[in-house]
Amino acid sequence: MAEQRTPLKLDEAGLNAARSDLDDGAVTPAYGLWRDDIVGLLNGALATELTCVLRYRRHHFMANGLESPTIAEEFLVHANAELSHADRLAQRIVQLGGEPDFNPAGLLERSHAEYDAVNDLKGMIRSNLIAERVAVETYRQMIKLVADKDSTTRRLLEDILADEEEHADELKDWMTRA
């Protein structure tokens with residue numbers, strides 16, 4: 001029995017709708033249903049990345065111990081990577097017609113990760129590993145939620161997820177060195 005084939009063709013109504021509301025830039029009406037939800041998810045991720053930047057920078061300056069110079073420098077590398085993630089998320093929020101929330105008031109409430117003031121090197125590594133694992137899970141869930149609703153955001157999240165997984169693996173290895 002032959003399988004029924006539905007021809008692939010573009011939605012003309014969607015194309016016509018894209019010809020209107022030019023002030024919306026890349027945000028066509030197809031984004032309409034999910035745009036606000038996606039911007040909300042991205043702002044939560046932005047708060048998480050900013051919290052991680054602050055935690056990693058503090059740990060960079062406060063790290064001490066035998067392995068601390070090497071690990072402290074890696075904390076700074078991670079802080080800069082998290083800042084790059086924050087910038088990319090903010091840029092996507094703006095592309096979607098939203099406003100990135102950089103307001104420090106309520107940052108920790110919006111963040112999925114925690115900030116801490118731990119002072120021992122092993123505690124710093126552990127704290128950052130927990131935050132990276134939370135970021136990995138957050139991005140995995142966001143990717144699933146966004147799925148086919150916004151392929152550009154999905155690809156951005158997948159790219160950031162790969163970085164977060166790499167960070168988590170590095171931190172796991174550092175646990176044995178500190």
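Analyst: Happy to! This is a predicted model. Taking contacts in the protein chain between residues at least 6 apart in sequence, 78% of them join residues at least 24 apart.

User: Nice. How many helices and strands does the protein chain have?

Analyst: There are six helices and zero strands, so, going from the N terminus, the order reads α-α-α-α-α-α.

User: And what about the radius of gyration of the protein chain?

Analyst: The protein chain has 20 Å, while a compact globule of 178 residues would have a value near 16 Å. Along the principal axes, the C-alpha trace spans about 65 × 50 × 20 Å.

User: What percentage of the residues count as buried?

Analyst: Of the 178 residues, 38% count as buried. The accessible surface comes to about 10,600 Å², and carbon and sulfur atoms account for 53% of that surface.

User: On to the inside, then. Which residues touch the most other members in the largest nonpolar core?

Analyst: That core has 24 residues, and the ones touching the most other members are Leu42, Leu89, Leu96, Tyr139, Met142 and Leu157. At least two residues each come from α2, α3 (68-95), α5 and α6. The largest share is from α2, with seven residues.

User: Switching to Threonine 51: is it buried or exposed?

Analyst: Threonine 51 has a relative accessible area of 1%, so it counts as buried. This threonine is found in helix α2, residues 35-62. Not counting residues up to four places away in sequence, Threonine 51 touches Leu107, Leu108, Ser111, Ala113, Glu114 and Tyr115.

User: Where does Alanine 147 lie?

Analyst: Alanine 147 lies in the loop between α5 (121-146) and α6 (151-175). Alanine 147 has a positive phi of about 35 degrees, although it is not a glycine. With a relative accessible area of 26%, Alanine 147 is partly exposed.

User: Last one, on charges. How many positive and negative side chains are there?

Analyst: The protein chain has 20 positive and 33 negative side chains. The centres of the two sets lie 4 Å apart.

Conventions: Residues are numbered from 1 along each chain as its sequence is written. This is a predicted model: local features need pLDDT of at least 70, side-chain atom pairs count only at pLDDT 80 or more; totals for chains, interfaces and linings use all residues. Side-chain values use heavy atoms; hydrogens and water are left out. Helices (H or I, at least four residues) and strands (E, at least two) are DSSP runs, numbered from the N terminus. The radius of gyration is taken over C-alpha atoms; the globule rule is 2.2 Å times the number of residues to the power 0.38. Buried means under 20% relative accessible area, exposed over 50%, partly exposed in between (1.4 Å probe, protein chains only). Contact means heavy atoms within 4.5 Å. Accessible areas come from the Shrake-Rupley method with a 1.4 Å probe; for residues, only the protein chains shown count as cover. Lys and Arg count as positive and Asp and Glu as negative; His and the chain ends are not counted. The place of a charge is taken as NZ of Lys, CZ of Arg, CG of Asp or CD of Glu. A nonpolar core is a set of buried Ala, Val, Leu, Ile, Met, Phe, Trp, Tyr and Cys residues joined through side-chain atoms within 4.5 Å.
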